[in-house]
Every structure is written in structure tokens, then in C-alpha cells.
Amino acid sequence: MRRLALRSVAGLLAGSLALLLPPVATSAAARDGEAPEKWTTTVFARVPSPGAPAYVHVHTNKRVYAGTYAAPDGQPSKVFEWTRSGTLLRSWAVPGQDLEGGEHGVQVAAQTRSGRLVVLDTTTSRILTLDVTRGRWRTIATLPEGSVPNYATWAPGGLYVTDYGDGVVHRVTRRGKVTEWLRDPALDGLLGFGTTGIRYLPEERSFLLTQQTLSTGDALPTNGALLRVPLEGRAPGDVEVVWTSQPTDLPDGFGIGRRTGHVYVAMVGLTNRIAEIDPATGEEVDSFPAVPLVGENGSEIPFDSPCNATFLGKTVLVANQSAIQGDASHHAVLRVHVGERGLAPYLPKKARFR
Amino acid sequence: MTLAQHSPTPSHGSSHAAPHAAPHAALSRRHLLTTGAAGTAAATGGLLLSAGAADARSGGGGGGRQGRLPRKVDVVVVGAGISGLVATRELLEQGLDVLCVEARDRVGGRVLNHELRSGGVIEAGGAFVGPTQDHILALAKELKVRTFLEYNEGNSVYISSLTGRQEYSGTVPPDPTILPDAAILLTRLDSMAAEIDVSAPWSHPSALEWDAMSLGEFIRRNALNSSGVGNLIKSWTQPGFGADPDELSLLFVLWYIACSGNETNVGTFSRNSDTAGGAQESRIIGGSQLIPLRLARKLGDAVALDAAVKRIEQKDGRVVVRTRRGTVRAKRVVVACPPPMVLDIDWFPRLPVRRTQLLRHMDMGQLMKCDAVYETPFWREDGLNGFGINDAGAARAVFDNSPASGDPGVLLAFVGGSTWRRYGPLSRKERRKAVLEGFAAMFGEKALKPIEYTEQDWTKERWTEGGPTAFHAPGTLTDFGPAIRQVFGRVHWAGTETSTYWSGYMDGAVRAGQRAAIEVGERL
């Protein structure tokens with residue numbers, strides 16, 4: 001998601017919040033010796049300056065990574081590394097950014113089979129890899145001018161990258177060649193609130209995507225959606241709306257439960273909540289917290305622009321970006337117990353760049 | 001504000017010269033044997049013996065690590081302070097063959113127990129632990145080492161050259177000449193520190209400006225009574241850094257404050273300086289050296305003492321570590337020594353210029369701990385907690401350093417920075433007199449007649465060369481700081497100074513050891 005856009009239209013969207021939100025669950029901290037209740041939320045780690053974390057990647061090396069999505073002038077974006085218990089280990093500054101050109105950011109979106117992080121630079125439209133073992137960066141590709149690479153997934157044919165700025169999904173081959181794979185009206189968001197999360201499901205040969213706002217006329221333009229796009233050969237099939245969000249939800253990154261197949265979607269918009277969607281029925285089966293908007297989740301830090309839900313054990317890690325308020329004390333990775341393990345991201349042997 | 005010393009850590013483990021005779025070896029061994037480990041002591045005592053004695057135990061050869069060193073291992077860890085020992089443990093758990101070489105004939109580095117003639121154990125080095133120091137507390141718990149609350153009942157004492165002696169409760173002494181400045185200054189320091197990335201303080205947009213200025217200069221620019229509040233802050237920097245505010249980069253101090261927390265709690269000045277709720281909240285029953293001693297015992301013959309490293313060569317895809325006890329080849333090396341010790345090693349190829357510059361600009365603090373022992377902690381009967389601050393004299397920052405039982409009573413003075421420079425060179429007799437007079441000014445005439453007096457000057461420690469930690473002078477952190485954890489070929493860096501939280505403390509040492517082990521593990 002794009003922080004500036006969020007700030008500029010937050011007031012506009014607030015007006016449409018009168019609509020009902022679904023019944024929601026409440027959080028309760030675990031008693032000593034008991035498994036935590038569903039939705040119990042704790043602070044995994046605060047994110048050091050420049051903060052504003054976007055997406056959390058749980059690596060096959062069992063460590064956790066997040067990039068910073070909104071660094072101010074003079075400060076490079078960074079990638080932070082934690083142990084799975086939340087101990088900060090290292091950080092890397094992103095090279096090649098225009099530090100005087102306004103706010104800039106990156107998102108750790110995926111990894112290669114060999115363990116390099118795939119990092120998307122939103123302001124330079126670059127797709128980078130970071131070898132965390134040696135601290136070496138490499139530019140793999142640059143998307144067309146104006147593109148805002150947002151999330152990425154491996155799938156047959158390469159790396160598929162959502163473009164928040166242009167209603168497009170790009171395909172990046174292993175050689176770094178960029179092609180426009182999907183352009184569809186369903187990806188045209190309102191006021192720049194475009195396409196966010198993407199995951200490839202090999203068993204179904206289809207992608208799930210989140211769309212922050214839908215301008216197709218099928219719903220209020222402030223509603224977002226969970227979309228399904230089949231992979232037919234190397235081409236996209238028809239875009240299907242699986243679920244429609246509440247107004248101003250702004251669905252962002254998501255994780256998929258292994259047992260239930262449910263999709264846990266973080267709502268980076270004004271509702272500050274996590275919704276649990278059954279993609280088989282399109283039903284919203286659960287949502288947290290009980291009272292949306294204020295993001296009260298029982299932890300020291302409320303949800304404040306939660307922007308993803310990445311599985312770590314039976315919890316999801318949520319990057320709390322504070323995109324609207326810009327409150328640095330809310331810049332954190334939160335850990336939310338959901339009671340099931342997640343489906344690992346698709347990572348085939350060919351998930352690498354030449 | 002309960003200004004106090006923190007808890008330094010790593011060790012030493014390098015250099016050309018033969019190690020000094022360690023007066024603590026026998027004591028440490030005796031201590032080990034009396035800490036409930038009699039059953040295992042026979043198998044572990046070698047850790048604390050000199051090389052010669054250990055050789056004798058093992059028959060003088062055969063590859064046992066208390067005898068001749070192995071010719072080849074996966075990883076050599078240099079330094080058996082807490083950081084080096086933790087790195088060794090973590091690497092062993094990864095299934096690697098590891099040897100930890102230590103210059104001294106004891107483990108623990110800057111963590112050192114001292115057994116009192118009158119009974120009980122106090123710390124001559126790093127001592128305190130507190131909230132958010134989860135890593136050292138977890139390690140202590142794992143090793144069945146318990147903590148106790150630092151005595152903190154009753155009033156503290158503040159002595160000002162202007163306003164005289166006052167007793168007070170709370171954090172900041174109620175001196176009207178400094179109180180407003182102190183309140184504003186500390187709030188400001190906290191707020192600036194909150195913006196610092198603990199893993200890269202040099203990346204802050206104001207890093208150059210803040211690094212160009214000393215803490216002293218910052219105080220002068222921002223306080224009405226800068227000499228008054230500067231004196232108060234000196235009572236924090238002298239024990240905490242072994243330095244005065246004018247010697248410290250403002251950026252470095254802000255980073256240090258930012259480090260005084262953990263991943264879920266923002267670092268603050270008060271958490272660094274306070275007793276209750278701060279870094280001086282608790283101590284270790286039996287002394288903090290119990291932690292490295294018990295850890296080393298678990299590691300068995302993976303730790304080799306009296307094995308000062310003379311030269312480290314990287315060639316032919318291997319690292320050759322030449323020690324006083326022999327040469328060991330390894331795939332990787334972790335160096336967990338204080339910065340000056342790293343420079344003492346003969347490196348081939350030479351250290352990168354930036355790292356050399358970094359190390360040359362990391363000064364070890366100048367600090368000694370002076371303890372006076374009394375039959376009882378008599379100040380407690382007077383409603384005093386044993387903590388005191390004085391803006392002059394040898395005893396500027398004083399703590400109750402009595403063992404957990406309160407028997408005997410012990411008062412501790414941190415003599416650091418310019419106070420060390422004034423009182424350190426004096427004869428022991430002269431210094432003792434000055435320290436006891438400082439105690440008496442705070443707690444009464446009884447303080448002049450201790451039953452025992454002991455002191456530990458860390459600047460005279462061959463394998464540390466200062467304490468409690470290395471600090472950055474103005475203008476050095478932005479230029480050279482980014483090299484702090486940068487891997488040099490097959491050499492990785494541990495030691496508390498390389499930590500992202502609680503740098504300079506035992507907790508930072510544990511964190512750094514764990515991080516270095518992860519780095520090595522991902523490359524082997």
C-alpha cells in the first residue's frame with residue numbers, strides 16, 4: 001500500500017464508515033500454562049528507525065525479515081532481521097535510493113530458493129535481491145516507470161509482482177525480463193488504492209490477490225476484494241471476486257491457513273483489523289479485533305495500519321505500519337495467535353535468478 | 001536518577017605477551033568447588049587451572065584441549081568472556097567442532113568475582129542485571145544462577161559543593177539548581193534516542209551533527225546551569241563509560257540510551273541509570289562470574305585457557321590461529337575481545353582500514369571499583385540505601401555492594417573518567433583514604449573504619465586495558481561505526497560492543513555471541 005495516498009484520502013474514506021462491520025471475536029491473553037486464545041496479540045518486535053514496516057517475510061532459514069516502507073529524506077530504507085523469537089540480529093541499508101527525493105520505501109516480498117531475499121523498492125521500481133549471508137545486493141529488474149512494486153510470489157514462469165500504481169501484475173523471468181502478465185479493470189483501484197498481496201496456489205494453479213479498492217462498479221468503490229486468477233498455461237484466466245471487504249478496509253497482505261485453507265487478510269485502512277476469509281465460500285468467518293477502527297488488540301501497541309499476516313508457527317506476524325497516523329511508537333511487528341499453521345509460500349527449485 | 005555502573009562483559013584473548021599471573025585463578029577454582037558443583041568439579045577444574053597444571057592433568061598431550069590444542073577445528077572463538085562462551089555454546093549446538101581460546105587462566109573477561117576475606121563474594125567487574133536484559137537473565141536461569149534485588153530501601157544521598165548534603169528518594173536529586181535542567185535534558189535525550197536505529201545509529205538523518213558534538217557540549221548548549229547538571233551527568237558517565245561527558249560523542253550516548261531496552265521496550269535513560277526498574281536492579285547470588293564459570297563448565301574441553309592469540313592468518317581457504325599454546329586451523333573464527341585486544345593481534349592479511357580505524361577510535365573507559373567492607377551495612381540502620389552521588393571527590397557514584405545476605409556490609413565507589421585520572425595514579429593508601437572520606441561524607445564516620453578494603457583497576461588489566469566498555473569520541477561513530485559487525489573474510493565479530501541492545505553489558509555480550517554464531521552457522 002502507499003502511505004502518501006493513504007494519508008491524503010483518509011478523511012474522504014472516513015465518511016463511508018457508517019456501514020456495518022461483521023460480528024467479531026475478542027482477544028484474551030492466555031493464562032499461565034494454557035495455549036493462547038485465538039487472536040491473542042503480543043509485540044514481536046518494535047521496528048527501529050525509519051520504522052514503518054511493510055510485510056514480514058519468514059525465511060526458510062527460520063529467521064524473520066521486514067523492510068521499511070516510508071523512510072524520510074536523508075535516511076535510507078532498511079531491511080531488518082530477527083530471530084524467530086524476536087531478537088534483532090542485523091540490518092542492511094538499501095543502496096541506490098534517492099535520499100533527497102522524498103519518502104521512499106522497500107518491502108521484503110519473497111526469497112529465492114537459495115535464500116536471497118527478494119526486495120521491492122517502491123520508489124525506484126527496482127526488484128532487488130539481498131544475500132543476507134554476505135550483505136550483497138543485486139538489481140534483478142526495473143519495472144516500467146511509475147510502477148510501484150508491492151508484493152510478489154513465485155509461480156511457473158518466474159516471479160509475479162503486483163503493481164500498486166498501475167493495476168498490473170508483472171512477470172519477471174529468471175533472466176530479469178519484465179512483461180505485463182495481467183492488466184484487468186478489477187485491478188484498477190480508486191484514488192490509487194490498487195493491488196496488494198499475491199500468492200500462487202500450485203494445487204489449484206491459481207493466484208489469490210488482494211485489491212484495496214474495486215472500481216468495477218460491482219461494489220462500493222471504497223470496498224476492497226480478494227480475487228482469484230487462474231493460471232492457464234502461462235496466461236491469466238478470468239479474474240474472479242472471491243470476497244468483498246467492508247468500506248475503507250483496504251485489504252493488504254495475507255497468509256493462508258494450512259488446516260482450514262482460510263485466508264487471513266490484514267486491513268491496512270481505517271478499520272485496522274484482520275479478517276479471516278473462507279475462499280471456498282467467500283464468507284468472512286471471523287474478524288479481529290472486536291471493535292474495529294481503534295485497533296485495540298490487547299497488546300501494548302494497537303493495530304495501526306496492519307499490512308500483512310505472515311505465518312510463524314500458529315501465529316501470524318503483522319507489520320504495523322502506522323501509515324495514516326505516522327506514529328513511530330506504533331511501528332512494530334505484532335504477533336497474533338490464530339491457532340493453525342500456515343501454508344508455506346510456493347518456492348520451487350527454479351525460484352532463483354540467473 | 002540512580003546513577004550507576006552497568007555490567008560489562010567480554011573478554012580478552014589475544015596478544016603477544018605472556019599473560020600475567022592471575023591472582024584469581026585459585027580463588028575462582030575454590031569458588032567453583034563451593035558452588036554446589038563438587039560432583040563435577042573434578043571434571044571441570046581444568047578450566048580454571050593454568051596451562052601447565054592442566055597439561056599435567058591430561059598427561060601433557062594427546063590432543064585434550066587442556067593439554068595440546070587440536071590441530072584443526074571448524075571454528076575458533078577468541079576470548080572466553082560471556083560473549084565468546086555463548087558463541088562457542090551456540091556453535092557446538094549446531095554440531096560444529098569448536099575451540100574457544102582465552103588469554104587468561106580464567107574465564108569471564110570483564111566479569112570477575114572477588115572473594116572477601118571476611119566472607120562472601122562481590123564483583124570486581126560487571127555486576128548488575130535489570131529488566132529487558134532478557135538474554136543474560138535467561139542464560140542465568142538456564143545455568144541455575146539466581147539473582148537478588150540490589151538493596152534499595154530508604155533514602156539516597158546527594159552531596160553538592162554548593163548546597164551540601166541531602167537525603168532524597170526517587171530518581172533525580174532535589175537540587176533546585178539542577179532539577180529543571182535535568183528534567184528537560186533527560187526528556188530530550190530520551191526523545192532523541194527514540195529515533196535511533198539501534199542496529200545503525202549512523203544512519204539517522206542528524207547523525208553527523210550529533211556525532212560532531214560531545215555530550216558535554218550538548219549539555220552546555222541546552223542547560224541554564226550546565227556545570228551543575230553536567231556534574232550530575234558525570235556521575236552517570238563515569239561509572240557507565242569510564243569517561244566524562246566531554247569525551248563522549250552525543251550520538252554514541254543517544255545510541256547507548258536507545259540500547260537500554262529490548263525489541264519490545266524502547267530504551268530510556270532511566271532504564272539505563274536506575275536501580276529499581278533499571279539496569280542496576282539486581283545482582284547475581286554468588287557473583288556474576290558464576291555465569292561464565294558454569295557456562296564454561298558445560299563446554300568442557302572446548303575452552304582452552306592461557307592460550308593468548310598472537311597471529312591470525314587467512315590463507316588457502318582456511319584461518320590459521322597461532323596461540324601461545326599452539327596453532328589451530330579453522331574454517332571460521334569468531335573474535336570476542338575488547339577492541340584494543342583485537343589490534344594487538346598480528347593479522348594476515350591486515351585488517352581492513354576501516355576496521356582498524358574503528359578499533360583505534362574505540363577507547364576503553366578508565367574505571368576502577370573500590371570496595372570497603374564493614375561488619376554490617378550500618379547505613380541501612382540509618383534509613384539509607386547505600387546509594388550516593390557526590391559532585392566532587394573520589395567517591396562520586398556509590399552503591400551498596402553487600403552480598404545477598406547483607407553480611408558483611410560493602411560500599412562500592414566507581415572511580416571513572418576524570419575522577420580516575422585524578423585518583424587512579426595515587427598510591428593505594430592515598431586513594432583508600434580519599435574513597436573512605438567520600439563514603440564518610442555520605443554515610444557517616446563509621447565508614448572511615450572498614451574491616452577490609454579492596455579495589456580493581458581495569459585499566460591495569462593486561463587483557464582488557466580498561467572498562468567497563470569501549471566508547472566513541474565525537475566524530476568517530478558515523479565515520480567508522482558501520483564496520484562494527486562487518487565480517488572480515490572468515491573472521492566474525494562478537495563481544496558486547498557489537499551488540500544492538502545493551503551494548504557494554506552482559507546482556508549485550510550474550511546477544512552478540514548468539515548473533516556471531518548465527519553468522520558463522522549460515523556460512524558453514
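Helices (H or I, at least four residues) and strands (E, at least two residues) are DSSP runs, numbered from the N terminus. This is a predicted model, in which local features need pLDDT of at least 70 and side-chain atom pairs count only at pLDDT 80 or more, whereas totals for chains, interfaces and linings use all residues. Residues are numbered from 1 along each chain as its sequence is written, and chains are lettered from A and ligands numbered from 1 in the order in which they are written.

**View 1. Glu247(B) in the loop between helices H9 and H10 of chain B.** Glu247(B) is buried because 22 other C-beta atoms lie within 10 Å; a residue is buried if 20 or more other C-beta atoms lie within 10 Å of its own, exposed if 12 or fewer, and partly exposed in between, with C-beta atoms placed from the backbone. Setting aside residues up to four places away in sequence, Glu247(B) touches Ser214(B), Gly417(B) and Ala473(B), contact being defined by C-beta atoms, placed from the backbone, within 7 Å. Leu215(B) is 32 residues away along the chain, yet its C-alpha atom is separated from that of Glu247(B) by 7.7 Å.

**View 2. The largest nonpolar core.** A nonpolar core is a set of buried Ala, Val, Leu, Ile, Met, Phe, Trp, Tyr and Cys residues joined through C-beta atoms within 7 Å. The largest one has 208 residues, and those with the most contacts inside it include Val265(A), Val76(B) and Leu254(B). Helix H10 (residues 250-258) of chain B gives the most to this core, namely nine residues. Val76(B) is in contact with Leu99(B), Val101(B), Val321(B), Val328(B), Ala330(B) and Val333(B), leaving aside neighbours within four places in sequence. Another core, of 35 residues, lies apart from it and has Tyr158(B) and Trp458(B) among its members.

**View 3. Strand E4 of chain A and its two partners.** Five of the five residues of E4(A) (residues 78-82) are buried, so the strand is largely enclosed by the rest of the structure. Lys78(A), Phe80(A) and Trp82(A) lie on one side, Val79(A) and Glu81(A) on the other, and all are buried. Two strands pair if DSSP finds at least two bridges between them. Five bridges join E4(A) to the antiparallel strand E5 (residues 88-93) of chain A, where Ala93(A) is the bridge partner of Lys78(A). Five residues lie between the strands of this hairpin, in which Gly86(A) takes a positive phi near 100°.

**View 4. The open sheet of chain B and its helices.** Seven strands form the sheet in the order E7-E6-E17-E18-E19-E16-E20, with mixed pairing. Strands E7 (164-168) and E20 (452-457) of chain B stand at the edges with a single partner each, so one side of each is left without a neighbour in the sheet. Within the sheet, E16 (residues 367-374) and E19 (residues 409-416) of chain B pair antiparallel over eight bridges, and Met368(B) stands opposite Val415(B) in E19(B). H9(B) lies across E17 (384-390), E18 (397-400) and E19 of chain B, running at about 95° to E19(B). Helix H17 (residues 428-443) of chain B packs on the sheet, and its direction makes about 120° with that of E17(B). Axes are lines fitted to C-alpha atoms, for helices over the stretch in contact, and angles run from 0 to 180 degrees between N-to-C directions.

Note on methods
Two residues are in contact if their C-beta atoms, placed from the backbone, lie within 7 Å.
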